[in-house]
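Hi,

Have a look at it first, then read on.

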Amino acid sequence: MLSKDAIKLYVLGLSLLGLTAWVFFRENRMDWTDYQAEFKEFVTEKFGAERAAQIPTGIQQIWVKDLDQVDRCTTCHQAVEWKGLETAPEPYRTHPKEILEKHPLTAYACTSCHGGQGYSTTLPDAHGNVEHWDSPVLGAEVSEAYLVKNSKALMEMNCNSCHRYDRETKGMDYINTAKKLVEEKNCRACHTINGRGGIIGPDLTFEGEKPTEQFDYSRLTGRHSVFAWHMAHFQNPKMVSPDSVMPNFGFSSQDAQALSLLAMSWRKKPIPANYISGVQLRDVPTQEEIDKEKRMLEGEGAFFVQNKCFICHSVSSLGVESAAKIGPDLSDAVTDVQSRFGRTLDDFLMDPTGTMSVVLSTQILLTPEQRQQAIALLKVAYQRKLEQQIKNASPSPSPAGK
Amino acid sequence: MATENISAPPAKPGTNSGFLKRFAFKPAWEKLTWTWRPETKREAGDAIVRNFVLHWFPAKVSLESLSWGYSFWLGTISAVLFLILTITGGVLMFLYVPSVERAYLSVKDLEFSTSYGWFLRGLHRIGAHLMVAVVFLHMVRVFLTGAFKNGRKAVGQNRPLNWIVGVALLLITLLLSFTGYLLPWDQLAYWAITVGTNIASSAPVFGEPTRFILLGGTTIEQATLIRFYVLHCFLLPLATLWLVSYHMWRVRKDGGLACVEKRYEEAKKEEQPAIASKTYSLLGITGGTAVDVRNVMVDDEKDKVPSSPYLTVRLAVVTLSTLVASIVLTLIVKAPLEEAANPAVTPNPAKAPWYFLWLQELVTITTFTVGGFTINGALIGGIILPGVLVLAAVLWPYFDKSPVSSIGRWFPKERKWQNWIFLLIVAAILILTFIGTYMRGPFWEIYMPWQEWEQTPRKF
């Protein structure tokens, strides 16, 4: 019994050793190790060993925290940002430069435009045409399956996540066509899109978010996919859903492709505000505020508006009104300065102390001539104030102003 | 028998000595291929008693307890699997993030970028599935051999209690697996737990509150994930550890594996009738289970071997076999990871974890429509039937009146009927599990394994 068991033990020990080797081998011989080795050879041949030695090894990844996205595509596609490999075979080709200038890898990574499974480090999984991953790389393979002429067109669906509110975007021909068709055919007569439109048809604002299972594929021949459904539906709505009242617009297959891409691009996934094209990240002043500033610029106190004094100070006697009113009204600066600092206005403005010294030395830089101009104007302002006081004291009412 | 093997080979006198001996080939080789050869039986016994891990084994053990064919070592295999799961799980705890936002991504990372992450996750997953299966088989073995019955060997035997502990351990194993099922936070996880907890909620009165407490709310969300995580990584393993220790201790208290009982029966047959004058004794007055004054004398030494190395070597064989089998399966079977959990999209079909699929099948079978009324089977199939089964399992030893002679034997004639009933239930569970796993397709329709399902729609 013992010796039999001992033999079993040896056999098991050896198989465990073998299995360890197997696990070790599998861990260290992934798809990407082959590609990296091949790329090194490729670069050595083309640019010499020195350049090849600089190629990083191991899993590479681009992490875009803003988009909560990790893409490991550059593990195999190592030449994306190289120069001189524009015509090399994939995965060793340089990425077209112009688009990367506006969409740097560090801010957009890869799959936000191309699709695919960024986490993955094995070929079929990464290209995403696998079970349980619904975002394949939108390139030649999928384009051919749907007879899309331009193999880069499908990608426009992803581009439109951020360019959704553009009327027209450079390089997005399919989506541009589709957007034009939406206006031309007046889709909004029946459908609400982005909060505007009719209620006869379904709201399409988040059409791209509709789960794949919620389409009726029973009347489709061929592939059961959302894209195929939309294509068929745009070309003949009643054929796909017999109860539909949507008219048949007789779209060409290319138009149907474009419209399908547009509809599928309307997704709900939150995108950071700074990624959305056409959204201005500033508070736009209201028309009222603009008019007021314009009026102040035309008046006697224009100097104080031009030189930004009015950010803190009103000069009410000259019609200048500060929104913040942090500083005192400068209408009576002549006497006010005297009482606050014990100095004349002329003296103070030429050599200010306190807050004004900081402001006038860092933020508002005035030449000596401009300072003289300010002093002169402030004296006028004081004059005006006195005049207004006299006017107000008289019984006849008069409107405030100049 | 083999006991003589234990003594060390006689030393050859007069060979290499001193300096030369230390560098001689043979001792060096012996050092490399170190073997345990206790010089005496006492040394062999000490090796067990002194060792922290081994001391829960007896110093000597009967050969039939060690045989492969009686127990199939299923309890030991379960314990080894638990050990594998504890170790891999401990490492996984460093890598997995139990948050709704990060859980799925951290599992993707394990699959694709963490060194040996795919292996860790695969081994943990296979280990868990195997443990459910092996613990169940262990229970089947114990039932079929009547090993939950008290015999005559030891005072203070309480095998029925240990059987109940075993049933509790099976339930905890299922819960461990069930709580772990949610953690990857993919569609498979999310909907399996949805189905599972919906069945639980159909229990009268307690159902809804139980589900609410389990989920930490009314939907499966962050609160659920953290609850399942803490249960999975802390409370349930702790309970398992505690109960397994008690389970083992009880095995010792109950006089070892039930198969040794039959020797007492054999010995009893051989024994001469006792002389009447010897039947009174103080022991008779003190009472208790030891009133059988004519206690059978069994030569305890007969057929017994020292645990070291007989049991320890076999333990090593079982441990290594379990590890090797788990690793091979890990390398062959791909651990699935579906799309990220999406409450808005119900997969068709949505299935519970495989070991609960017989329950889901029962729910289907017991759901029927009479006229305009639909009777929901969740209560009958999901709560009452499994509840009755567990209760029956717990109480069975107390109603099993078969003779002591049937203990510790496979398929004894005396327990024919109860074994048949038990096997019928086991077969039903297995068949329903098979149907649920391999034959249920979209809309819970029956699909033969060779029949193709409708194609799953895709985006492109």
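**What I found**

Let's start with chain A, whose secondary structure comes to 19 helices and four strands. Keep in mind that this is a predicted model, so the numbers below are computed from predicted coordinates.

How does the radius of gyration of chain A sit against that of a compact globule of 402 residues? The globule would come out near 21 Å, but chain A has 35 Å. Along the principal axes, the C-alpha atoms of chain A fill a box of roughly 120 × 65 × 55 Å. As for burial, 26% of the 402 residues in chain A are buried. I also looked at contacts in chain A between residues at least 6 apart in sequence: 44% of these join residues at least 24 apart.

Chain B has 18 helices and four strands. Of the 460 residues in chain B, 34% are buried. For contacts in chain B with a separation of 6 or more, residues 24 or more positions apart account for 74%.

**Between the chains**

The contact takes 33 residues from chain A and 33 residues from chain B. On the chain A side, the elements that give two or more residues are α1 (2-28) and α11 (226-235). Which of the elements gives the most to that side? That would be α1(A), with 13 residues. Sorted by class, the side of chain A that touches chain B has 18 nonpolar, nine polar and six charged residues.

**A helix pair in chain A**

Next, have a look at helix α10 (residues 173-184) and helix α13 (residues 253-265) of chain A. Their axes come within 8 Å and cross at roughly 90°, so α10(A) and α13(A) are roughly perpendicular to each other. From α10(A), the contact is made by Tyr174(A), Ile175(A), Thr177(A), Ala178(A), Lys179(A) and Leu181(A). Facing them from α13(A) are Asp255(A), Gln257(A), Ala258(A), Leu259(A), Leu261(A) and Leu262(A). The residues of this contact of α10(A) with α13(A) divide into eight nonpolar, two polar and two charged.

**Two helix pairs in chain B**

One pair is helix α16 (residues 357-365) of chain B and helix α18 (residues 416-438) of chain B, which pack at an angle of about 85° with their axes 7 Å apart. Angles of 65 to 115 degrees count as roughly perpendicular, and that makes α16(B) roughly perpendicular to α18(B). In α16(B), the residues involved are Leu357(B), Trp358(B), Gln360(B), Glu361(B) and Leu362(B). They meet Ile429(B), Leu432(B), Thr433(B), Ile435(B), Gly436(B) and Thr437(B) in α18(B). By class, the contact of α16(B) with α18(B) has six nonpolar, four polar and one charged residues.

The other pair is helix α9 (residues 159-182) of chain B and helix α12 (residues 222-253) of chain B. Here the packing angle is about 155°, with the axes 9 Å apart. The crossing of α9(B) and α12(B) is left-handed. Their contact has 17 nonpolar, eight polar and one charged residues.

Cheers

Definitions and conventions: Residues numbered from 1 in each chain as written. Chains lettered and ligands numbered in written order. Predicted model: local features only at pLDDT ≥ 70, side-chain atom pairs only at ≥ 80, totals over all residues. Contact = placed C-beta atoms within 7 Å. Nonpolar A, V, L, I, M, F, W, Y, C, P; charged D, E, K, R; others polar. Axes fitted to C-alpha atoms, helices over the stretch in contact; angles between N-to-C directions. Parallel < 35°, antiparallel > 145°, perpendicular 65-115°, else oblique. Rg over C-alpha atoms; globule rule 2.2 N^0.38 Å. Buried ≥ 20, exposed ≤ 12 C-beta atoms within 10 Å, placed from the backbone. Left-handed = near helix turned anticlockwise from the far one by under 90°.
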